[in-house]
Amino acid sequence: MADETVEFSATQQDAGDGAPGATAAFPYDRMTVERFRKAFPQARWRDDLGAWFVPGTRAEQRLTKWMSREWSGVLAYADARGRDAFTFEPIASPYLEVADGFVIRTPYSRTAIAELRAVPWARWDPTLKAWRVPFRSFGELQKRWPAIEAAARRAEPEERRKREESRKTSPEHADRRAEAAERRRNRYPVPEDALPPLGRVVMTHVGCIIFEAVTGELVEPLIAARFYPNVSAGAATLVWATWRRPGHAELVQAWPARTPPGPADLARGWWQPTIEVLRQERRKAASLERARDTRRARLGVAPSSEESG
């Protein structure tokens, strides 16, 4: 192997049926494939290997020798073709510069990065803080450029600010803020004739919680319809109950239900969680507690006696 391992690789291995040979992998280019097939007429493409298979006990040596002799010429020829194609049909964009290849600078965008990573030979240059793409990759870059440039324009600070302002003025944003404000109240409607047990882990339409007290305060119908449409009291009255999230230890000690909740349980608004639900809630609680402990350790804050117990 030569130092072009990122661009051309040859590995000795069996074809899978016992026949000796080697695989060759390189970025697709029609002219390169033609020259490769001319040099290795017995080579065949293997979908299961994602590479060309060349039979023979010395196939890897032959491939390596061909690569060291031909590969630099292949790349130079491909670069020349790409440079000519760019001259004939250039890309005019504020995000692209031309030097010994293409230098691409865009605002941070996951879409743009994903597109650039799919371009053969594209690489990130940490010194320039830009992507470098050789001329030989112009065809693939040209095909992906509309998506790259559109993603870059959407990532511009001014465009982000406009989208954020538009999002904040949308009815959906107001609804999400109102729902978040209601959740922060830590209250939940329960039927007056079917009160939940206090101090025990139960499942509700807002997740696993522990009810701490029933205030007896009547729930306004508009609030119930807007934020708790799945809770129904039937002929009874809905009253407020206060709640908190259970810790991991409390979820571990919680007793699971043998059967999933029925329609009556769902309409009531609370029910005993199944083991599958408890397992999910335990994983989430453990992750949150680890993150909290890590933050406190960084700040040098010791856990309280209740949490450490």
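View 1. At 0% relative accessibility, Phe 102 counts as buried (under 20% relative accessible area, with exposed over 50% and partly exposed in between; 1.4 Å probe, protein chains only). Phe 86, at 12%, counts as buried too. This is a predicted model, where local features need pLDDT of at least 70, side-chain atom pairs count only at pLDDT 80 or more, and totals for chains, interfaces and linings use all residues. Residues are numbered from 1 along each chain as its sequence is written, and side-chain values use heavy atoms, leaving out hydrogens and water.

**View 2. Here are the rings of Phe 86 and Phe 102, an edge-to-face pair.** Their centres lie 5.1 Å apart, with 70° between the planes. Rings of Phe, Tyr and Trp (its six-membered ring) pair if their centres lie within 6.5 Å; planes under 30 degrees apart count as stacked, over 60 as edge-to-face and the rest as tilted.

**View 3. Now meet Trp 124 and Trp 131.** Their ring centres are 6.0 Å apart and their planes at 70°, so this pair is edge-to-face. Trp 131 counts as buried at 11% relative accessibility, whereas Trp 124, at 44%, counts as partly exposed.

**View 4. Two arginines sit over tryptophan rings.** The charged end of Arg 136 is 4.8 Å from the ring centre of Trp 121, and Arg 268 lies over the face of Trp 270 at 3.7 Å from the ring centre. A charge sits over a ring if NZ of Lys or CZ of Arg is within 6 Å of the ring centre and within 35 degrees of the ring normal.
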